[in-house]
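Good morning, and thank you for the time. Please have the sequence and the structure open before you while I go through a few points.

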Amino acid sequence: MSFLAAPPTAPAIDPTKVREVSSWPHTSPLVCARFDPSGAFVFAGAQDNTIVRWTVPEGKKVVLTGHKSWVRSLAFSARDGLLFSGDYAGRLLAWPVAGDAPAPRWDITAHRGWIRALASSPDSRRLASCGNDHLVRLWHVPDGQPLRTLDGHDCHVYNVAFHPDGKWLASADLKGNVKVWDVERGECVRELDARILHKYDGVFRADIGGARGMAFDPEGKYLACCGITNVSNAFAGVGNPLVVLFDWASGKQKAQLKPRAPHQGTAWGVAIHPLGFILAAGGGNGGELWVWKPDDPLSWHTLKLAGNARDLSLHPKGRLVAIPCHDSRLRLYDLASAAR
Amino acid sequence: MHCNYACGSSDHLLSRRSFLTAAGGALGLGLLTQPSLARVLNGQQKRVLVIDLHGGVSQLETWDPKPGTNTGGPFQAIPTSVPGIHISELLPHTARQMHRMALVRSLNTAEDDHGKGAIIMNTGRRQEPGLTYPHLGSACARLLGDESNPLPGYINITPHGTGGVSVADAAFLGPRFAPVSLDDGKAPQNIDRPADLTAAAEQTRQLLRLRASERFLRRRRTAQTEAYTQTYDQAVGLMQKKHLFNTANEPEKLRDRYGRHDFGRHCLLARRLLEGGATFVKVTHTNYDTHHENFDFHLEQLGEFDLPFATLLEDLALRGLLDTTLVIVQSEFGRTPNINHLYGRDHWSRAWSVALAGCGIKGGAVVGKTNANGTAVVDREVNAGHLFHTYFKALGLDPKKNFYVEQRPIPLADPKASAITEILA
Amino acid sequence: MSMSRTALLAGVVSLFFLPYSKAAAPAVRSEPLHVRIDRLIGIDQDFARYDAGLASDSEFLRRVHIDLAGYIPTSAQIRAFLADSAPDKRRRVIEQLLNSPEYARNMAQVFDVLLMERRPSRHVPQADWHEFLRQAFLNNRPWDEVVREILSGDGTDPKKRHRIKFFLERDSDPHLVSRDISRLLLGMNLQCAQCHDHPRIEDYRQEHYYGLFAFVSRTTAVQDKNKKLLLLSEKADGETTYQSVFDPKKITKTAVPRVPFGPALVEPLVDKAKLYVIAPAADVAAVPTFSRLARLAGAITQRDYLPFRRNLANRLWAHLMGRGLFEPFDNDHSANPPSHPEVLDLLAQELADNGFNIRAILRELALTKTYQRSSIPRPGTDAKQAPLYAIAVVKPLSPEQLAWSVMQATGLLESYRKAYGGKDPEGEAYRRLAPSAALFINAFANPPGQPQTFEPRTDQALLLANHPSLRSWLAPGSTLATRLNSLPLPTRVEELYLSVLGRLPDEEERKEATEFLTRQPKDIGDLAWALLTSPEFRFNH
């Protein structure tokens, strides 16, 4: 697959030329971000318990209030035009994506404790949630009825993602165990090993781990989980960002992707571009955006960011990357090689 | 009786002899009565339990939550067994014990360093050049303890492998009031008297050892040589109480409720030791120094703290011990209201909290307030000096009384402060 | 009249000079080191008043045996020394000890603990490492040479894995390695300077930490598939950057390899095509053409670099004198000056001048009056007011010294030497008794990775009181009891005190011991136990 393939009228995607094109301020640090499936909006959760929506590319801002805790989980139903948001008080809300003043339609206590991630099935008929109560749950879209509880993890579940063909759901927990569930039958069919993303810090006597970001490639050949590894001091964040890339068919680790220049911190968000390269963003000792070619474990390109990145979202058209930052700004980056 | 290294006094010799023969009376030194036992039976013995949440626990994630503010973080506040008092959702079981507890939310100790903060909280004063104040444990061992009590006056249950506190804790009170550390709460190895050693032979050899030790200490007494000699007396005392370390005799359900992990077991051991006559017991839960990912780590650590602590309070109450046991839950300092770029909170001593319960403490009382987002004390600011006045008064002691170091009077608590009477029963 | 004018003049002069003024007595370069040291130590005007005088012969012999050989002398050795009337007998004993196999073994132990802090031997066998150190001391190899070997990081020769142990047992973690090098070899604890300039020590800055870190940051441990060894793999590139967590602007700096307070490493431009001698590959330890790591040891041991020599001088001083010239051992900085700066300077310079000859330094230190001083305060004086070293410091035995002294006191060491000695009595006895020694050492040692401190604990007392091993060594029928019981009573008492406490009993002790043993002859083991567990045994005085 050529990285520089592009339709004749559009500028070529060249990740080595990635640059910031927008920087939209909010009044509180941001913790997550997602483009909606149409690409018209980008949503970000913030530390003031709100969700902020900006239009893309204009940056017109609307604040969605209703949560009473941080939102770090966002998902969508393209079919119903809905945004799903999960907060750290275990509440799951649904909102219309568009409109001047979206108001919540669902208000479900989905989990005891944090909801750490949401994922929408490819056909938008199901929503998966996971959280601190060790559970993964499936919900009917659009009416919010509980469908299934997937019980098997023995610690906080950090992330969930549907396989692109909709048959399987992957969930990753604090200790780096990735369970693969058969969605229809609700059974765990196999496990993947991402334990390199977990450490029990014997000095501070606490666990650090979990897939902070998780994503399949569009064809479902690979699963990426990202987080922090090599932790020598969990309470100061001394460790290195890592993306673990699994070969889906075999379930084995294909690669462990690291920044070429060692960086101290956590990788918070990951995406696999349709053109094949892998993107991740993170922060700790400064924020960075990394790009890898799939056959090289060391990054192909690194962009230093203005501050710590807390997530990463790839625009449905594959050209823009949204990164929510600690400094309260939502930043957009353009992967195309030249301005239009 | 304080320790004067120049003295070579026979006071020490006598007291150790009496300490030994309390168990049995050979060599014509006579059986002594056990006043500590009498005190226990009369309900007069007072005890102290300190839970040290090591590293700087966040007051915003425990005793003084500020949900919905720019400093509050993602956790909610929950009601407690006392109407009007809310604490962090991370302490659901402790919340149900609030009627036994008092909270001080207006603590300002102005010291963000771990070591110095610990000294302030453990001695009630800032460190001074030329004078080291004794640790609360040593002070309590001295003031509340009894010489004939076989258990060491100050017992420190430490998490595995963290090492004990140092000989220096006792300061001018002398090494006899230094802490005995129990690594991971285990009964010390070799606690059984050898089968081929009779009680009489044990007495004999201890007296011979004492004699040899005194000879040496007459001319070369230092803090270190004293401390070393003391460990044998402590060993004898511990041997007599070895049954206390065996938690296996406790009902399974209770052991489950305390929790089978380290902190749970240590809390259960603390209860047994207090019940068995220990004067001062400290249990440490580590670690809370969450500069990075404060919320995840406080979730984990407080998740481990909450039920054992609540169980311990309940257990002490049910056994009729809580009225005579002062319970203190403390840290070196609190954590910043500001959430840093690593989702962490940093050291903060300007406006933080301490929780108390038990002997002399008014249950359900809250004193002091911080502002809306916890960045300053707005009502009834206190420091560690006030806390120490409060502790001593709660224990029925007069904090204005003095220790004497070579005739120099050293007040028990900082004379510039006073007791927080709002939380005294 | 003239006396009062002289006194007035002296008073005026003393107003302008600090206690350790050089003007009080000029140093004479040709004088032996131990004389110069004594002069500097005794310079305080109160010194003479509090001077405790020399330790007695038996006190001296016990002290110097423990410090140089690692354990107490036998009763026979003490009797011979007490009976010797030669005026230079102390000097001869010092010389004899410094040239003994016991000295080499002892120093190997001391420096093993200093350098490795009892970290478990997961990658390099302890025996190989220990033997390397022992040989180094046996041959009095220059210490800078030894350190260059220890820090070379070259583990390719399976017979010389001591060269890589320092790194491998620390998992080649660059933060841990640089921290420990600064603490253990340079006398500076730079750990707090990892995230920001040290909050309390002005001198220690982030740049110092990262300058050292940059030497080792490109190195990791790799199980090399070709050489079938765990080796260090070093990249030829990769810069160390750092920020201060206190810096709101988050300025990022790049670290150049530089030993703290020393010169920056000059790095040549290497042809991009020839960056490696062994190129990086999976399961292959890469070797760059220019290795930063290989230059670290040379940088810290080179003559002009002071911190290494100051630290070594301080440690050697502390080993004999019981306290460092500066303390804590890893806090050498301008706000924590040494108690006797000229003495430290003198020793640090001597190391450079004599080619890092540790044996020579120890010889001079042992010859000082400072070292040989009594630990009993002068009667009628308040010990708390005495200037430093006017009274010898009473120092606890290290875990090793205690363990081996117990085995010497109980007669085990001697009996093993006789029974298994052959050509190498010292080595044979050591190897066979090492597991028993380990029992005691572990009980008294601090946890791995932590410096040794004296923290007497109840569990240690319980060990010495109740453990079956010690009881069997003191029981009726044991080596010690059998030997003592074969002697007539007066000699028996003497031998007991000599063997355990290293001295003759005084009149009162003779009387009490004789009465006791007459009443309870079978219980000599209990009396021996009492002496063994008294502070007189536990401490080096």
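Predicted model: local features only at pLDDT ≥ 70, side-chain atom pairs only at ≥ 80, totals over all residues.

By buried I mean a relative accessible area under 20%.

Let me name those residues. They are C:Thr458, C:Gln460, C:Ala461, C:Leu462, C:Leu463, C:Leu464, C:Ala465 and C:Asn466.

What do they pack against? Within chain C, the partners are helix H20 (425–444), helix H22 (468–474) and helix H26 (524–532). Chain B also contributes, through strand E6 (180–183), helix H6 (199–220) and helix H7 (223–240).

A word on confidence in chain B. Its mean pLDDT is 87, with 88% of its residues at 70 or more. Residues 1–41 of chain B, however, have a pLDDT below 50, although this stretch makes 69 contacts in the model beyond near neighbours in sequence.

I turn now to chain C as a whole. Chain C contains 27 helices and eight strands, and 55% of its 541 residues are buried. The C-alpha trace of chain C spans about 85 × 75 × 45 Å along its principal axes.

Finally, the surface and the charges. Carbon and sulfur atoms account for 56% of the accessible surface of chain C, which is about 23500 Å². Chain C carries 70 positive and 65 negative charges, whose mean positions lie 2 Å apart.

Definitions and conventions: Residues numbered from 1 in each chain as written. Chains lettered and ligands numbered in written order. Heavy atoms only, no water. Helix = DSSP H or I, 4+ residues; strand = E, 2+ residues; numbered from the N terminus. Buried < 20%, exposed > 50% of the residue type's maximum accessible area, 1.4 Å probe, protein only. Areas by Shrake-Rupley, 256 points an atom, 1.4 Å probe, with all protein chains shown as cover. Lys, Arg positive; Asp, Glu negative; His and termini not counted. Charge placed at Lys NZ, Arg CZ, Asp CG, Glu CD. pLDDT = per-residue confidence, 0-100. Contact = heavy atoms within 4.5 Å.
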